[in-house]
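Got a minute to look at how two chains meet? Here's the structure to keep in view.

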Amino acid sequence: MARAAFQLAMSSDKITSDVFEAQEFPELAQRYQVRGVPMTLVNEGAPIMGNVGGAKLLHAVLATATPSSGT
Amino acid sequence: MALLGDEDTKYLRESFAELRSDVTLTVVTREKSRLVLPGADAGDDAEDTSGEVKQIVDEVAAASERIKVTHVDAAADADRASTLAGAHLPAIVFGGAQSKGTLRYFGLPAGYEMSTLIATLMDLGSGEAMVPPEVSAELDKLTAPVHIQVFVTPG
């Protein structure tokens, strides 16, 4: 997932991809309730668990650009 | 003592021979004060991997002239460190001629994540687009910032 996140960031100046070694940042792991890895958040939305692939990550990224998906 | 063995370095040299453009790595760490305060717990720094992060990045970068490394010490240049890495250290900030967004790795890229570091260097220096044109067109429609956070462990 880290590589997929980086590849998306390479492809858009709107995207920042931060990869955290969870054990070194326990306060972040606690804040985001990291229960397993890899765990991915897009704009702090619902966590994406596991290596689900770049397509699902892309879908989550593009969904942030659809205002009607939120309320 | 070197963190990478001779076989590792040989593998990296062969892989990095395929780099078509320069890749930059900016390593943001905080140099420890040499001043030891009375009563300070030496164990406080037990988790600090800054020294290893600097060393591993330098050793990886030594395998290719295409990889340029800059070190930033947050203790000496707090503003630049903050701009690059925000509130978290140690950080590795990736850059490349064709890279558009921001790519940062926080912590020590050990174990499986070492391969992420190498793969990302190869991606950045490949000279190729990372997504097909139709996906690129979709990404170009993004109007607001998107923040992707991935939590990993060395594994």
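A few questions and answers about it follow.

This is a predicted model, where local features need pLDDT of at least 70, side-chain atom pairs count only at pLDDT 80 or more, and totals for chains, interfaces and linings use all residues. Residues are numbered from 1 along each chain as its sequence is written, with chains lettered from A and ligands numbered from 1 in the order in which they are written.

Q: How many residues of chain A are in contact with chain B, and which element gives the most?
A: Contact is when two C-beta atoms, placed from the backbone, lie within 7 Å. On that count, 38 residues of chain A touch 39 of chain B. Top giver on chain A's side, with 8 residues, is α1(A).

Q: Is strand β5 of chain B mostly covered or mostly open?
A: A strand here is a DSSP run (E, at least two residues), numbered from the N terminus. Buried means 20 or more other C-beta atoms within 10 Å of a residue's own. In β5(B), residues 146–152, that holds for 6 of 7, so the strand is mostly covered.

Q: In which sense do β1 of chain A and β5(B) pair?
A: Two strands pair if DSSP finds at least two bridges between them. β1(A), residues 15–21, has 7 bridges to β5(B). Thr16(A) sits opposite His147(B), and Glu21(A) opposite Val152(B). The sense is parallel.

Q: What is the bridge partner of Thr40(A) in β5(B)?
A: Strand β2 of chain A (residues 39–42) joins β5(B) by 4 bridges, running antiparallel. Thr40(A)'s partner there is Val150(B).

Key:
A residue is buried if 20 or more other C-beta atoms lie within 10 Å of its own, exposed if 12 or fewer, and partly exposed in between; C-beta atoms are placed from the backbone.
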